[in-house]
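Subject: Structure handover

Hello,

Here is the structure for you to look through. Please open it beside this email and follow along; my notes come after it.

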Amino acid sequence: EGASALLEWFESMENTFINSECPAELRVRHAASVLQKRALTWWNGEKRTRGVEPALAMPWEEFKTILTAKFCPRNEMKKLEAEFLVLKQDSGNNAPYNTRFHELGLLIPHMITPVSR
């Protein structure tokens with residue numbers, strides 16, 4: 001469903017981890033258990049390639065990185081970068097601007113890191 005949907009899924013999973021007190025070593029296992037459709041097919045391939053236990057034992061940040069690489073194609077990332085460069089507040093309402101700024105910052109962190117950027 002695109003980069004924004006993936007970001008929302010990451011945030012949802014991270015909230016679930018907090019609320020369920022999920023230990024770091026079980027986060028990928030838990031997150032993978034809710035994958036569906038194309039993502040589930042991709043994950044099953046990853047488990048075959050890496051081995052089930054090594055795949056499930058990978059750190060959450062690595063899992064997020066490989067999911068992003070797979071499901072946020074470079075052309076979509078370029079569109080997000082272009083959107084970020086022209087992002088501006090069009091009205092007196094800060095909330096939509098701030099929300100989108102933070103979403104884009106999470107999806108394309110190289111655009112805001114280091115802070116001097």
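How many helices and how many strands are there in the protein chain? The protein chain has 7 helices and 0 strands. Helices (DSSP runs of H or I, at least four residues) and strands (runs of E, at least two) are numbered from the N terminus. In sequence order the pattern reads α-α-α-α-α-α-α.

Before the details, some ground rules. This is a predicted model, in which local features need pLDDT of at least 70 and side-chain atom pairs count only at pLDDT 80 or more, while totals for chains, interfaces and linings use all residues. Residues are numbered from 1 along each chain as its sequence is written, and side-chain values use heavy atoms, with hydrogens and water left out.

Confidence and overall dimensions

The pLDDT is the predictor's confidence in each residue, from 0 to 100. Its mean over the protein chain is 89, and 97% of the residues reach 70 or more. Confidence is highest in helix 2, at a mean of 96, and lowest in helix 7, at 85. Along the principal axes, the C-alpha atoms fill a box of roughly 50 × 35 × 30 Å.

Of the 117 residues in the protein chain, 32% are buried. Buried means under 20% relative accessible area, exposed means over 50%, and partly exposed lies in between (1.4 Å probe, protein chains only). A contact means heavy atoms within 4.5 Å. Among contacts with a separation of 6 or more, 60% join residues 24 or more positions apart.

The core

In soluble globular proteins, nonpolar side chains tend to be buried together. A nonpolar core is a set of buried Ala, Val, Leu, Ile, Met, Phe, Trp, Tyr and Cys residues joined through side-chain atoms within 4.5 Å. The largest such core here holds 30 residues, and those touching the most other members are Trp43, Trp60, Phe63, Leu80 and Ile108. Two or more residues come from each of helix 1 (3–20), helix 2 (27–32), helix 3 (37–50), helix 4 (52–57), helix 5 (60–71), helix 6 (74–86) and helix 7 (94–107). The most come from helix 1, which gives 6 residues.

Leu80 is found in helix 6 and counts as buried because its relative accessibility is 7%. Leaving aside neighbours within four places in sequence, Leu80 is in contact with Ala3, Arg100, Leu104, Leu107 and Ile108.

Is Glu81 buried or exposed? Glu81 has a relative accessible area of 9%, so it is buried. Apart from neighbours within four places in sequence, Glu81 is in contact with Arg74, Ile108, His110 and Met111.

Met58 lies in the loop between helix 4 and helix 5, and is buried because its relative accessible area is 5%. Not counting residues up to four places away in sequence, Met58 touches Val28, Trp43, Arg50, Phe63 and Ile66. Met58 and Leu26 are 32 residues apart in sequence, and their C-alpha atoms are 9.3 Å apart in space.

A pocket

A pocket, on a 1 Å grid over the protein atoms alone, is an open set of points where a 1.4 Å probe fits, with protein on both sides within 12 Å along at least five of seven lines; lining residues have an atom within 4 Å of a point. Which residues line the second largest pocket? They are Leu7, Phe10, Glu11, Glu14, Glu61, Lys64, Thr65, Thr68, Leu106, Leu107 and Pro109. Helix 1, helix 5 and helix 7 each give two or more residues to this lining.

Lys64, one of the lining residues, is in helix 5. It counts as buried because its relative accessibility is 17%. Beyond neighbours within four places in sequence, Lys64 is in contact with Phe10 and Glu14.

Two backbone angles

Phi of Glu21 is near 55 degrees, a positive value in a residue other than glycine. Glu21 is in the loop between helix 1 and helix 2 and, at 69% relative accessibility, counts as exposed. Phi of Lys37, also positive and also in a residue other than glycine, is near 50 degrees. Lys37 is found in helix 3 and is exposed, with a relative accessible area of 72%.

Regards
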